[in-house]
Number of protein chains: 4
Amino acid sequence: MSEHHERAATWTDTSRAVAFSDGVFSIIITVLVLDLRPPQAPPGRLLYGLIAQWPTYLAYVTSYAYVAVVWLNHKATFMRVRWMDRALQWANLGILFTTALLPFPTAVVSEVMPKHNALDTRVAVSFYAAVGVVLCSAWVVFFNYLRRHPELLNENIDERFFDGETKRAMAGVILYAAAAVLGYFIAPPLALLIFLALAIFYGVTSHGLYLMQRRGRAGK
Amino acid sequence: MSEHHERAATWTDTSRAVAFSDGVFSIIITVLVLDLRPPQAPPGRLLYGLIAQWPTYLAYVTSYAYVAVVWLNHKATFMRVRWMDRALQWANLGILFTTALLPFPTAVVSEVMPKHNALDTRVAVSFYAAVGVVLCSAWVVFFNYLRRHPELLNENIDERFFDGETKRAMAGVILYAAAAVLGYFIAPPLALLIFLALAIFYGVTSHGLYLMQRRGRAGK
Amino acid sequence: MSEHHERAATWTDTSRAVAFSDGVFSIIITVLVLDLRPPQAPPGRLLYGLIAQWPTYLAYVTSYAYVAVVWLNHKATFMRVRWMDRALQWANLGILFTTALLPFPTAVVSEVMPKHNALDTRVAVSFYAAVGVVLCSAWVVFFNYLRRHPELLNENIDERFFDGETKRAMAGVILYAAAAVLGYFIAPPLALLIFLALAIFYGVTSHGLYLMQRRGRAGK
Amino acid sequence: MSEHHERAATWTDTSRAVAFSDGVFSIIITVLVLDLRPPQAPPGRLLYGLIAQWPTYLAYVTSYAYVAVVWLNHKATFMRVRWMDRALQWANLGILFTTALLPFPTAVVSEVMPKHNALDTRVAVSFYAAVGVVLCSAWVVFFNYLRRHPELLNENIDERFFDGETKRAMAGVILYAAAAVLGYFIAPPLALLIFLALAIFYGVTSHGLYLMQRRGRAGK
């Protein structure tokens with residue numbers, strides 16, 4: 001695929017971008033725990049206070065799973081990338097930027113939900129979904145760039161791989177947008193479960209839709 | 001042991017998982033220090049305030065030792081792992097997830113203990129122990145998977161190594177559960193010492209029960 | 001260029017300095033998100049509260065872009081460095097130190113701007129610009145040292161590369177100083193846009209002014 | 001020196017310990033900036049508030065320099081280490097543990113000093129010095145262990161190197177203890193300058209007292 005391309009002078013290999021991304025992902029995933037705080041319960045009511053924080057735990061688990069899936073996808077993608085040009089560096093920084101946003105809507109959801117204000121809960125859930133839309137959009141940009149630049153890939157990478165990945169990311173954009181609408185107009189607690197379902201979907205397909213379809217066709 | 005296995009297409013090597021895990025462990029261990037805050041003491045009473053925070057220091061030392069031991073175990077294990085499939089990636093992410101929880105019960109214990117409410121202290125200590133149970137369970141899952149998948153290991157790894165490790169992790173599940181019960185119904189301050197003892201036990205055996213038994217049998 | 005230099009006994013290679021710098025940059029860029037906090041809005045006013053925080057978002061995006069550009073520059077520079085002596089270690093630590101300051105003026109700007117106090121806004125913006133001056137000065141020191149010590153560089157590095165880089169960093173010193181003056185005496189909100197423009201300027205030229213001029217002359 | 005030693009079964013190489021240590025150091029050095037907070041100044045008094053925080057800045061610069069020096073020393077030491085046994089792993093974890101404490105006394109000093117309570121200021125400064133004593137003691141243990149275990153070192157390492165390093169760390173123990181006494185009984189602000197002087201001393205000698213003496217004797 002890419003063996004007949006010459007390396008451009010400004011291309012670099014992926015090692016520092018991968019190390020930097022691993023650093024950012026490991027910090028994001030750990031920073032999430034900083035929002036798990038001891039509850040402000042009256043004396044003798046600690047157990048009750050810990051239990052009452054359950055939306056925080058759900059938001060934490062969901063966001064943790066989400067960042068884990070982003071990391072697995074990032075790993076699967078960079079196994080196929082040989083060179084980085086400047087546009088790909090910025091596309092990668094876009095993924096890191098949008099992933100780093102995740103603790104913010106997570107904190108909004110986990111702070112607002114225990115207060116049981118219906119309108120605020122809807123806004124919080126939709127805000128989380130909106131960040132999901134932005135995050136998936138960053139992946140669409142990233143995969144689409146790789147799809148159109150096979151010269152940056154390792155040899156023997158089937159170009160259709162990034163066709164499948166682009167579609168998978170677009171599905172995320174659409175489904176998070178749907179979750180924002182459903183969460184705002186219908187049922188906010190349900191929306192948290194939709195986020196978890198989306199994280200599972202991306203986890204299960206983290207080796208790429210293309211590989212799954214091929215294995216599906218091959219009868220395994 | 002594993003030399004007669006072919007590498008599956010979706011297996012990857014351990015380098016990025018190790019780098020990511022090192023990142024997460026180093027952040028967890030450093031984030032613990034963020035809960036060591038200047039005491040809110042009245043003017044002229046700083047020394048008294050610093051001393052009154054002793055349960056915080058004890059909780060900090062215990063959790064630091066615990067994460068250090070988790071890291072040493074992780075290192076000793078991954079020295080024996082050659083390939084990672086998706087299930088092993090998630091088993092590893094489960095260990096990182098449960099370890100990342102540790103600053104939360106640590107903060108609960110260190111915030112509750114200076115208030116001297118007997119019931120809350122018991123809840124806090126049992127909560128810490130419960131997280132210990134979850135953490136050791138993640139190791140049981142991880143070791144048990146490796147025990148049943150020798151094709152992922154380096155050559156010349158004695159399969160009995162992971163038998164011993166699985167037992168060691170199961171011992172942790174049982175002992176932390178016991179500490180939760182003892183801490184809640186008998187003596188909370190004692191439970192903190194039990195946690196420290198458990199950390200020491202895991203530290204001393206961090207090269208694996210199997211190696212220790214073999215050396216024991218060999219007379220050294 | 002450097003092939004006729006002998007390696008001095010106290011020189012080290014760049015691997016640990018690069019790994020350490022990547023760690024610091026990835027933490028700085030992620031720590032910025034910790035200042036994105038759920039707004040303290042009255043019940044039912046979450047959406048309004050989220051929107052009212054817009055200066056925080058602008059400050060966040062600007063600082064994120066800035067750190068990303070610093071990282072890209074750092075990467076482009078260290079591709080050309082072969083050995084580090086002690087002075088270069090400290091010049092690198094100076095860049096890390098000044099970059100690590102960035103979340104501080106970012107927090108000052110994003111906390112002060114929603115309060116709409118004209119004097120404080122001017123001070124905050126000028127303070128951010130002053131940190132920019134310090135940060136660019138650290139790069140001037142760093143590039144100037146490399147310019148005068150070609151024996152530390154890889155072979156075949158054109159010495160004029162670091163002439164161009166030194167000038168580029170000096171431009172930053174002057175422009176940030178100008179932004180400090182303009183932001184204080186004329187229009188603070190405009191200054192935030194100037195910061196963003198500076199970040200874009202450094203992003204576009206992150207492969208070095210020298211390369212751009214050479215390509216400009218070559219007709220491409 | 002060590003070429004006639006066989007590698008023991010439980011020894012490991014230094015790569016993960018170095019990566020983990022780099023992670024911890026880069027987080028500690030960046031976490032320090034989290035204590036630089038926007039001042040709680042009345043409207044229109046931001047500039048005054050920023051200036052009044054000067055002890056915070058001094059504490060920050062001192063601690064940053066200190067961690068930077070610890071990192072340089074760590075790097076210089078591990079260039080000479082070939083194998084790690086379990087005791088050396090724990091000696092290294094002891095250094096990481098005591099270095100990770102540093103943001104705590106830094107926060108105590110920077111919070112207490114602006115309040116101008118003479119007794120609290122003395123306590124805060126002595127507390128900082130006491131942590132310095134503990135930190136240097138961890139280095140004494142570490143260097144002393146390497147001094148007595150040349151089989152863990154690279155070939156051709158002069159054993160006297162670690163004699164000199166042990167002495168250098170012992171000097172730190174004594175000088176920090178002296179600073180604790182002087183800061184408590186005589187002049188606290190002076191003590192901050194002593195800390196900075198100690199950081200400079202360790203920075204200047206970060207390649208080892210032994211090398212400096214040898215170069216001193218060789219007339220260079």
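Predicted model: local features only at pLDDT ≥ 70, side-chain atom pairs only at ≥ 80, totals over all residues.
Residues are numbered from 1 along each chain as its sequence is written, while chains are lettered from A and ligands numbered from 1 in the order in which they are written.

Towards chain B, 41 residues of chain A are in contact with 32 residues of chain B. The area buried between the two chains is about 3,200 Å², with carbon and sulfur atoms giving 70%; buried area is the accessible area (1.4 Å probe) that two parts lose on being put together, summed over both. Of the area that chain A buries against chain B, 18% is supplied by Leu46(A), Tyr64(A) and Trp71(A), more than by any other three residues. Between chain A and chain B there is one salt bridge, defined as a side-chain nitrogen of Lys or Arg within 4 Å of a carboxyl oxygen of Asp or Glu; this links Asp22(A) to Arg16(B), with the closest N and O atoms 2.8 Å apart. The side of chain A that touches chain B draws at least two residues from each of H1 (15-31), H2 (46-52), H3 (54-78), H8 (188-204) and H9 (209-217), helices being DSSP runs (H or I, at least four residues) numbered from the N terminus. H3(A) gives the largest share, twelve residues, and the residues of this side divide into 26 nonpolar, ten polar and five charged.

Towards chain C, 32 residues of chain A are in contact with 41 residues of chain C, and the two chains bury about 3,200 Å² between them, 70% of it on carbon and sulfur atoms. One salt bridge is found across this interface, formed by Asp22(C) and Arg16(A), whose closest N and O atoms are 2.7 Å apart. Here the side of chain A that touches chain C takes at least two residues from each of H1, H4 (86-100), H5 (103-112) and H6 (118-148). The most come from H1(A), with nine residues, and the residues of this side comprise 22 nonpolar, five polar and five charged.

Over all chains, the structure holds 66 aromatic pairs, a pair being rings of Phe, Tyr and Trp (its six-membered ring) with centres within 6.5 Å, where planes under 30 degrees apart count as stacked, over 60 as edge-to-face and the rest as tilted. The rings of Phe97(C) and Tyr64(D) have their centres 4.5 Å apart and their planes at 70 degrees, so this pair is edge-to-face. The pair crosses between chains, from Phe97(C) in helix H4 (residues 86-101) of chain C to Tyr64(D) in helix H3 (residues 54-78) of chain D.

Key:
Heavy atoms only, no water. Contact = heavy atoms within 4.5 Å. Nonpolar A, V, L, I, M, F, W, Y, C, P; charged D, E, K, R; others polar.
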